[in-house]
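Colleague: Before we discuss this model, I would like to learn how its features should be read. Could you take me through them in order?

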Amino acid sequence: AFILTLNGRSLRQTKRLFKALFHVNHYYYIHVDSVSICNYGFKYAGVQYGKECWCGNEYGKYGQLHEASCSSKCPGESGALCGGYKAQNIYHTGLGEKPNNAVHLVSSLSEEFPKNAVRIAFILTLNGRSLRQTKRLFKALFHVNHYYYIHVDSRQEYLYRELVNQLARFPNVRFAPVRMSTIWGGASLLQMLLTCIKDLLAMKDWNWHFVLNLSESDYPVKTIWDLTNFLTMYRHKNFLKSHGRDTPRFIKKQGLDRTFYECDTHMWRLGTRSLPDGIRIDGGSDWIALSRPFASYVVHGDDALLDGLKTMYRYTLLPAESFFHTVIQNSKFCTTFVDNNLHLTNWRRKQGCKCQYKHIVDWCGCSPNDFKQEDLSRLLGTAEKVTFFARKFEAIVDQTVINKLDAVLYGDYPKGMPGLDLYWQHDFHHEDINTKTDDAYFTFYHSFSRQTADRLETLNRCSITPDEIREVTLFSESDTMSGILVLFSAVVEGRRYQIETYMKPKHKPTKIHSVIGPAGRLVSLQVGTNFDPKELVFRNFGNFLGPYSDISLRHEWGQGKEFDVTVVWVDPAGVIAGSFEETVNQGVYVGAHKPQFQNPLRPGRWTVRLLTDWHLMAEQEFFILPLSHINKRKITKDEALAAHKGPEGFYKEKDFSDLQSVILVTDKKAECEKNGQKFGKDLFDWIDTLSAQLWWIEETCVVESSTSFPCGDLRICADTDWSSRAPDPKSEIGSVDPRTGRIE
Ligand code: UDX
């Protein structure tokens with residue numbers, strides 16, 4: 001076993017030495033000084049690598065292949081894979097071969113591009129419904145000299161449709177023709193990126209030098225001129241962030257030593273695997289900026305290592321976080337690698353690593369948190385650093401921080417500009433065919449349209465028949481959810497109109513019965529669905545709950561010591577649905593408790609009660625609405641009876657009725673049974689009575705009207721400041737200013 005301790009840049013001489021020493025029967029253990037060359041040289045040291053191939057399929061059975069049959073493909077069709085070229089008698093220490101590639105900020109003095117400025121191809125990989133924020137991001141990045149290649153998750157009908165409508169007119173914008181359902185952490189994310197890069201390389205009319213990927217939750221912290229200046233200075237470099245810890249730990253944490261298979265929008269973990277030896281495995285962030293030559297090598301390069309890695313990463317979790325890094329470390333581009341992803345990422349691992357994606361991937365992955373106003377100084381602190389973007393931002397959670405950042409970057413918005421503190425996010429669109437809408441949500445939307453019609457009819461003595469729900473928008477003011485905007489069509493005095501109504505929630509405060517001892521820590525209780533353990537909010541922003549909702553309790557506490565509390569759920573009939581012990585951690589704390597009741601939940605007024613030592617400490621009421629619609633059509637009588645009668649047997653495996661001696665409940669079984677029989681108009685009236693306890697109509701407008709609206713003095717929606725049709729200049733895409741090359 002030779003130990004070769006190497007230093008300097010004399011690669012060719014070192015290779016001669018290596019060849020002179022080499023025999024397959026001996027071993028070569030190589031250490032390279034940490035500021036010296038990277039792994040690459042030894043792949044080409046004249047050694048015929050021994051090959052070791054393995055095969056597997058989606059059932060996780062792996063077989064060793066004979067060298068003779070080890071080409072880049074395994075025999076057989078069904079998902080067989082082959083990977084791992086293994087140097088049998090070379091072991092690289094994997095230590096210290098990162099090149100020292102320090103980069104510095106280049107000050108950009110003017111809003112002009114330097115001579116020979118690079119052109120950047122941005123790949124925007126988009127998901128969700130935050131159209132207006134996505135347009136702001138596009139505007140902040142836009143320059144006529146750069147390119148914008150947009151991939152929208154194939155399941156996002158609304159976002160794709162609207163972006164194509166509004167952005168396809170720019171010659172430097174292109175939409176990925178093949179769209180994938182790029183699940184979180186999925187193998188498809190890398191396939192999508194490689195396909196996008198391949199497509200970009202094939203576009204002869206787009207003369208780009210760098211490719212850089214971003215998502216809808218990124219935002220720049222420097223101007224497009226700063227970025228262009230910087231990349232022009234370092235035009236031959238490749239920017240990828242490495243994990244910065246020891247490699248074996250990274251491999252374990254990342255699940256790189258497991259085979260994953262993406263199928264039915266899920267990453268299935270199949271089993272353990274061994275990684276190819278003799279190469280350096282690296283990885284970190286999947287936000288990258290690649291030079292065209294490296295991007296071209298990754299897509300079109302033809303060598304065994306690249307082929308093997310492409311195969312391996314097709315079966316890898318979070319592949320884009322490691323594929324490019326591993327390729328660059330082991331390729332002739334290794335000296336162009338800069339350990340920087342140009343991003344400031346808001347990692348708060350305590351909140352962001354809660355296995356929140358386990359319904360999508362068989363793994364516990366982490367996500368960064370959203371930036372909020374209080375993080376502004378951290379964001380501004382990047383001014384002198386090689387940081388051009390930050391993530392994550394969500395306007396529905398905190399838009400103020402984005403407004404402030406924008407003002408720092410490109411100057412203040414004009415005083416009194418409409419809509420600056422307002423944010424609209426679409427929640428429903430009638431043209432979406434495959435997007436599922438929760439039946440409870442749809443029931444509320446219809447109830448809002450009926451209540452609006454009833455009110456206008458009563459006030460104005462006219463006739464309005466609402467028919468179709470067309471759009472629903474979440475509306476927030478200064479980062480507080482103000483209400484829901486429901487836009488529906490209706491026949492009014494024989495003519496069809498589109499009407500938008502602004503519904504505001506009635507706040508249902510938590511009743512606090514005791515402030516003695518640990519009870520004094522309680523801030524609030526809230527019941528909802530789709531709790532996000534990272535941002536600690538319910539993603540069901542309208543709090544629309546129905547019999548099939550998977551409810552949970554959010555409990556928020558101030559400073560104090562850890563203690564236990566009993567959570568008791570009581571349904572509208574007075575049935576104690578369940579009782580659970582919850583630990584309230586020390587310090588400021590937000591907890592979530594999911595009772596996982598057997599459905600359907602009985603419709604009506606529920607309470608959740610908190611007790612310490614069986615003394616009532618606080619309670620919160622909430623409402624389960626009966627359903628008027630299932631799968632966007634009216635509910636049938638049989639479906640209504642089944643949905644509104646409460647669960648078969650108990651809500652949990654056991655009966656909690658013996659707790660009635662300590663929990664005060666009123667027996668309303670007979671009333672609930674009668675309600676459960678309701679259908680037709682009676683059912684609608686019941687729904688509207690309950691929803692009116694939760695929401696009130698703030699204002700109603702008419703979308704456009706060539707004739708005067710015959711049922712009350714409604715404003716035109718575009719003239720209001722709240723409607724989804726109201727002006728919102730910060731997100732509007734104007735034309736290109738020829739002086740600056742940016743969008744006005
Ligand atoms: C974080 C890290 O920032 C990222 O580097 C890592 O890959 C995963 O964890 P996170 O905020 O959790 O990212 O992921 P998110 O922004 O939700 O998604 C990453 C990318 O996948 C985005 O471009 C997003 O648009 C896309 N995506 C996500 C989809 O296309 N469809 C989905 O269903 C989910």
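Colleague: How many residues surround the ligand, and which are the closest?

Modeller: This is a predicted model, in which local features need pLDDT of at least 70, side-chain atom pairs count only at pLDDT 80 or more, and totals for chains, interfaces and linings use all residues. Residues are numbered from 1 along each chain as its sequence is written, and side-chain values use heavy atoms, with hydrogens and water left out. A residue is near a molecule if one of its heavy atoms lies within 4 Å of it; here 21 residues surround the ligand, the closest being Thr-125, Thr-182, Asp-286, Ser-367 and Lys-392.

Colleague: Which side chain has an N or O atom 2.6 Å from a nitrogen atom of the ligand?

Modeller: A polar contact is a pair of N or O atoms within 3.5 Å, and the side chain in this case is that of Asp-153. A polar side-chain atom of Trp-184 lies 2.7 Å from an oxygen atom of the ligand, while a polar backbone atom of Cys-366 is 3.3 Å from a ligand oxygen atom.

Colleague: At what angle do α2 and helix α3 pack?

Modeller: Two packed helices are described by the angle between their axes and the distance between the axes. Helix α2 (residues 131–141) and helix α3 (residues 157–167) pack at about 40°, with axes 10 Å apart. That makes α2 oblique to α3, a class left over once angles under 35 degrees count as roughly parallel, over 145 as roughly antiparallel and 65 to 115 as roughly perpendicular.

Technical notes
Axes are lines fitted to C-alpha atoms, for helices over the stretch in contact, and angles run from 0 to 180 degrees between N-to-C directions. Helices (H or I, at least four residues) and strands (E, at least two) are DSSP runs, numbered from the N terminus. A polar contact is a pair of N or O atoms within 3.5 Å; within protein, one must be able to donate a hydrogen and the other to accept it, and residues adjacent in sequence count only if both atoms are side-chain atoms.
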